[in-house]
Protein chains: 2
Amino acid sequence: MLNPQSVDNETWLSRLATTSGEWLRGDGPESDIVISSRVRLARNIAGFPFVSRASADIRHQIVQLAQDSLNSPGQPSRRFVNVETLSPLDCQFLMERQLISRELARSDGPRAVVIADGERHSIMINEEDHLRIQVLHSGLSLEECWKECDQLDDQIEASVPYAFHPQFGYLTACPTNAGTGIRISVMLHLPGLRLNRDIQKVNNTAQKLSLAVRGLYGEGSQALGDFYQLSNQVTLGMSEPDLLGHVQRVVLQVVSWERKVRETLLRDGRAKLHDQVARAFGTLTSARTISSEETMHLLSIVRMGLRLGLVSNLDVGVINELFIHTQPAHLQKLQGEELEADRRNVARANYLRQRLSSSSVS
Amino acid sequence: MLNPQSVDNETWLSRLATTSGEWLRGDGPESDIVISSRVRLARNIAGFPFVSRASADIRHQIVQLAQDSLNSPGQPSRRFVNVETLSPLDCQFLMERQLISRELARSDGPRAVVIADGERHSIMINEEDHLRIQVLHSGLSLEECWKECDQLDDQIEASVPYAFHPQFGYLTACPTNAGTGIRISVMLHLPGLRLNRDIQKVNNTAQKLSLAVRGLYGEGSQALGDFYQLSNQVTLGMSEPDLLGHVQRVVLQVVSWERKVRETLLRDGRAKLHDQVARAFGTLTSARTISSEETMHLLSIVRMGLRLGLVSNLDVGVINELFIHTQPAHLQKLQGEELEADRRNVARANYLRQRLSSSSVS
């Protein structure tokens, strides 16, 4: 059931901003390195043109159809957010939270997102495809993501007929998504591989194994905070369980690679690493103005230091939360006002000092 | 009187290392920008060849002669330090303290320095000239330095005949020092002029006015910690009071230039400046390993911030002392052992954290 919208979306989103979000909760399997797992399915409703060829009127019908389907009895409690009427700030906020894509945030016309309580899944309506169903869990838990996603998919399909071809499988706006329509992504935190300059090798290896490596916000985005997304590029000709198994195996290889690099860094240059971590923490707690990029970079080093035991008196949950709370839209939601970049950088520095003041690096 | 040498030089120097030293005491006129004033006289004893042409035996005689003269009744209490037998560490220590020149530290053969209690003056024996009498005071106090230096000169001349030529004045090993044999130097702290990139203009202006601009340790040394020495280049054809007046006027111009730049920086970019100061302090109190150069650079920014009221809870005396205590030889004397560069950088970081732990930046 879509929840009764007892408060307006802006208020609801502002409340959401004060929480941590699923994708950076920082627990689950392999959570020293694996931030989150995500499975998303691309689906289109039979009898309608793809979004890029649909008129505003048809897009509106699609939103209505999806909303009705998701609102049927037995469905979990969810929030319906009309993205078309959302402010640019709130769009960016949902993007930072990994609940909508950059494409949905930046396009126009009738479009929406439906968000489950606790942010464990979200369904974008009228992104590239009519429906993008995504399930997001902390840590490495692709199997659980897939199960939940598959179930959601079945629930929706029960009331909405999908565009499906016996030979090509699920039809999608872009042929690269056709077939299973699945994209399996894992967000990894790889500061060690960046520090020892092996990150390009990871990239090359992943590509050879038909996986893409992307930054924090997907295609074309930078690897802010040493976060890298690994995801499948092929969706056709392999079953979902095979694809899941393949991504899982590669991820575990990268995880063990990153762990080895960290061990080596610790063994051969513990003092230097400790210095980098301590300086990063020092800057985070001292700066009077700081950009989002620098913040992510410094938090990344501190997070690694924390996981390696170079830092004590500091809760990894706080660091994980700061990754998201210091991003531009989150920061403005938390401050309760829109701020230009300069004032944002000052507010960010104040917020960091306030949140980290009780901590210290050993 | 040379003091009774109740402890050996090494012990005496180790005790000296724990104190602050005259040149960075940080008070006196214009002490926000003027660190210290120095007047030195180059003198040679009649009847002896210049140092560069003197045999070891003759150099030894010169040391003896100077020592006897300085040891005569009515002379102030002083320490006699035989530089020939001093360890390289102690030589560097005295150089960091501005009590001996790099030349005296690095040359060889019989040579010495005689240091007044409180380090207000020192007399180098067998540097480039037989005698180099220097008086060093905190702040801008050239007149006082000159008076004290002149008096010392008279006291020595009472028992030692100087090489003097009716036309050329005092004869010196290098002709650029002949005449009055005086060098008047003022150590300035100019972080503002470095930040706004006017420091080269200061250099050009000074040169046009026949003044030299040098770094912390004189000729050929770098401007570590934004410390710059301004000194006269001409010693012939002008009286000592005229030279003093000239240097004083130029220094006051540079002081007012630096003050204006700081005001502008504060007016147009207070937030940015505050950020730079706070980050510098953050790094000084966080780093686990830090070089002498970086320390000087960061202390320089903090010192300016302190003088501009951007920092509270911090004693300028502590910062001034850290400038000298964190230099390589001082640090090793304070640690009580010789340390390689890597271990020195770790010891320096520990020392900084310990000294600054009770302070914070507002």
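This is a predicted model: local features need pLDDT of at least 70, side-chain atom pairs count only at pLDDT 80 or more; totals for chains, interfaces and linings use all residues.

**The interface between chain B and chain A**

About 1200 Å² is buried between chain B and chain A, with 50% of it on carbon and sulfur atoms. Buried area here is the accessible area (1.4 Å probe) that two parts lose on being put together, summed over both. On the side of chain B, three residues, B:Asp275, B:Arg279 and B:Arg288, supply 47% of the area that this chain buries against chain A, more than any other three residues.

Residues are numbered from 1 along each chain as its sequence is written, chains are lettered from A and ligands numbered from 1 in the order in which they are written, and side-chain values use heavy atoms, leaving out hydrogens and water.

Chain B and chain A each bring 14 residues to the contact, where contact means heavy atoms within 4.5 Å. How many salt bridges are there between chain B and chain A? The count is two, a salt bridge being a side-chain nitrogen of Lys or Arg within 4 Å of a carboxyl oxygen of Asp or Glu. B:Arg279 forms a salt bridge with A:Glu294, and their closest N and O atoms are 2.8 Å apart. Helix H8 of chain B, residues 240–284, gives the largest share of the side of chain B that touches chain A, namely six residues. Helices (H or I, at least four residues) and strands (E, at least two) are DSSP runs, numbered from the N terminus.

**Salt bridges within the chains**

Over all chains, the count comes to 34 salt bridges. In one of them, the side chains of B:Arg259 and B:Glu30 meet at 2.7 Å, N to O. B:Arg259 lies in helix H8 of chain B and B:Glu30 in the loop between helix H1 (9–17) and strand E1 (34–43), so the pair ties together parts 229 residues apart in sequence. B:Arg259 is partly exposed at 30% relative accessible area, and B:Glu30 is partly exposed at 28%.

In chain A, salt bridges that share partners join A:Glu127, A:Glu128, A:Asp129 and A:Arg132 into one network.

Methods
Buried means under 20% relative accessible area, exposed over 50%, partly exposed in between (1.4 Å probe, protein chains only).
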